[in-house]
Amino acid sequence: LLTQFFNLEGFTRAAIILGSAAPVGFNTLVFSTLEKLDKKLAAQIISTGLIIGSVVIPTLLYFLS
């Protein structure tokens, strides 16, 4: 919606959409370790995000091309 609102087209539009669909960063695990939080939960979030991202990003690439 924001790419349409800002009237973005072409490669810029695709790059912004794919960047926003990227999986959760690995900084989650680093921050949970530093703050002595649940590292297992952080690792599960990262794993789930990577699995979802491996499906969503190719799908977006197909529809954006």
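At what angle do the axes of helix H3 (residues 27-34) and helix H4 (residues 39-64) cross? The legends below describe close-up views of a predicted model.

**View A. The packing of helix H3 against helix H4.** The axes of H3 and H4 cross at roughly 175° and come within 9 Å. Angles over 145 degrees count as roughly antiparallel, so H3 is roughly antiparallel to H4. On the H3 side, the contact is made by Thr 28, Leu 29, Ser 32 and Thr 33. On the H4 side, Lys 39, Ala 42, Ala 43 and Ile 46 take part. By residue class, the contact of H3 with H4 consists of four nonpolar residues, three polar residues and one charged residue.

**View B. Ile 46, a buried residue of helix H4.** Ile 46 lies in helix H4 and belongs to the contact of this helix with H3. The relative accessible area of Ile 46 is 5%; because buried means under 20%, Ile 46 is classed as buried. When residues up to four places away in sequence are not counted, Ile 46 touches Gly 25, Phe 26, Thr 28 and Leu 29. Of these residues, Thr 28 and Leu 29 are also named on the H3 side of the helix contact. Ile 46 and Thr 28 are 18 residues apart in sequence, and their C-alpha atoms are 7.6 Å apart in space.

**View C. Lys 36 in the loop between H3 and H4.** The loop that lies between the two helices of View A holds Lys 36. Lys 36 is not a glycine, yet its phi is positive, at about 55°. With a relative accessible area of 72%, Lys 36 is exposed.

**View D. Asn 7 in the loop between H1 and H2.** Asn 7 is placed in the loop between helix H1 (2-5) and helix H2 (10-20). Although Asn 7 is not a glycine, it has a positive phi of about 55°. Is Asn 7 buried or exposed? Its relative accessible area is 59%, and Asn 7 is therefore exposed, since the cut-off for this class is over 50%.

View E. Thr 3 is part of helix H1. Which residues does Thr 3 touch, not counting residues up to four places away in sequence? They are Leu 8, Arg 13, Ile 16 and Ile 17. The relative accessible area of Thr 3 is 7%, and the residue is buried.

Note on methods. Residues are numbered from 1 along each chain as its sequence is written. This is a predicted model: local features need pLDDT of at least 70, side-chain atom pairs count only at pLDDT 80 or more; totals for chains, interfaces and linings use all residues. Side-chain values use heavy atoms; hydrogens and water are left out. Axes are lines fitted to C-alpha atoms, for helices over the stretch in contact, and angles run from 0 to 180 degrees between N-to-C directions. Helices (H or I, at least four residues) and strands (E, at least two) are DSSP runs, numbered from the N terminus. Angles under 35 degrees count as roughly parallel, over 145 as roughly antiparallel, 65 to 115 as roughly perpendicular and the rest as oblique. Contact means heavy atoms within 4.5 Å. Ala, Val, Leu, Ile, Met, Phe, Trp, Tyr, Cys and Pro count as nonpolar, Asp, Glu, Lys and Arg as charged, and the others, Gly among them, as polar. Buried means under 20% relative accessible area, exposed over 50%, partly exposed in between (1.4 Å probe, protein chains only).
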